[in-house]
Structures are given as C-alpha cells and as structure tokens.
Amino acid sequence: MKKGIIILGSANSNGETKKIASFVADKLNYPIIDLKTKNISEFDYEFKNRNDDFHPLIEEIVRNYNVIIFATPVYWYSMSGIMKTFFDRISDCLKIEKETGRKLRGLEIAVISCGSDKVLKDGFHMPFIETAKYLGMHYISDVHCWVENGTIPISVQNELNKFITSIE
Ligand SMILES: Cc1cc2nc3c(=O)[nH]c(=O)nc-3n(C[C@H](O)[C@H](O)[C@H](O)COP(=O)(O)O)c2cc1C
C-alpha cells in the first residue's frame, strides 16, 4: 500500500475543500496537513525565511511519503494563494535544500480541486502537471469537486471513489 499525505491549501481550515479532503483521507487513511496552520512565507530570493515551517514540512514529506495529494479550492480560476506559495517555496529545494529536491523525484502527485462551478476552466491543472514533470514527479490523477448545502453530492462522491481507486 502506498503511503500518502494530503496537503490542504484552503483559506478556510474547516471549509468545503477540507470536507472533500477528509472524505478522501478517511478512505485512504492518509493524514491531512493544513497549510493554513503553518507559517510558510512567500518565496524569498535571499532565503531569509529559511527557518519558517516550509523546510521541516517538505523534509517530512519526502522522508515518509510516496504520494502527495494537493487539495485546493478554486480561487479566481487557479489554485489558492496558500497552495501557490507552497509551490513557489519548492524552489528552495532547487537552491538551498538540493538533497530534499532530489528526493522529490519519483514521488506521485494528484490534485483535488473544489469550486463553486462544476466545471474547471482549461489549464487549471497545467501548473501541477508541469511542476511534476520539471521535478521528476509522476502526475497520477485529479478530481474536481463541489459541495452543495454542506454535503458532497452523490455524483461527486462517485468521482471521488474513482479518484481514490486511481491512487491506491
Ligand atoms: C477568493 C475566491 C475566489 C473564488 N473563485 C472561484 C472560481 O474562480 N471558480 C469557482 O468555481 N469558484 C470560485 N470560488 C468559490 C470556491 O472555490 C468554492 O466556494 C470552494 O468550495 C471554497 O472552498 P473552501 O471552503 O475550502 O475555501 C471562489 C471563492 C473565493 C473565496
């Protein structure tokens, strides 16, 4: 069984993306890391933020897991800002934490998006796919979700179950 982790990048720790992430986490028995609870600042060319929470987190991930599921709300047709900051900080692994960067190779990644629209605009997944390619990670799959009146619609649950099967 693969060992995986879900990285939650919502501005709401108990919002709709969390609800979806929890559905997947329960079935795959994966932990959820909530980026909102971490002190991870924006990429800095001078790496003055090297002692914030990013490095311990990415090291923990490469040491312990072989699948990363990124769970992000759709904010203005894109991944959330919190998630994008996490992606920007991966650049640290190419400059000052190269050993960690090398360990990203071979990891599998997948994406959960949660929006109010039922259909994503073209190109939403491109940054995930291209980042995976650049870093030598394998992009496995993605699923787009929404929540209605606080519950996950059955059609979305069915898609989530297919997504879960693609990860296992
Ligand atoms: C700043 C912001 C921008 C949003 N932009 C989009 C969007 O472009 N497309 C969409 O389908 N939903 C958009 N939404 C709706 C959210 O994606 C949707 O409500 C999602 O379920 C929220 O998840 P959360 O509770 O984890 O934040 C936006 C919401 C916010 C707060």
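**View 1. Ring pairs join Phe-54, Phe-70, Phe-86, Phe-87, Phe-124 and Phe-128 into a cluster.** Rings of Phe, Tyr and Trp (its six-membered ring) pair if their centres lie within 6.5 Å; planes under 30 degrees apart are stacked, over 60 edge-to-face, the rest tilted. The model is predicted: local features need pLDDT of at least 70, side-chain atom pairs count only at pLDDT 80 or more, and totals for chains, interfaces and linings use all residues. Residues are numbered from 1 along each chain as its sequence is written, and side-chain values use heavy atoms, without hydrogens and water.

**View 2. Phe-43 and Tyr-45 form an edge-to-face pair.** The count is 9 aromatic pairs. In this one, the ring centres lie 5.1 Å apart and the planes meet at 80 degrees. Phe-43 is partly exposed at 24% relative accessibility; Tyr-45 is exposed at 73%. Buried means under 20% relative accessible area, exposed over 50%, partly exposed in between (1.4 Å probe, protein chains only).

**View 3. Phe-54 and Phe-86 also pair edge-to-face.** Their centres are 5.4 Å apart, their planes at 65 degrees. Phe-54 sits in helix α2 (residues 54–64) and Phe-86 in helix α3, 32 residues apart. Helices (H or I, at least four residues) and strands (E, at least two) are DSSP runs, numbered from the N terminus. Phe-54 is buried at 0%. Phe-86 is buried at 2%.
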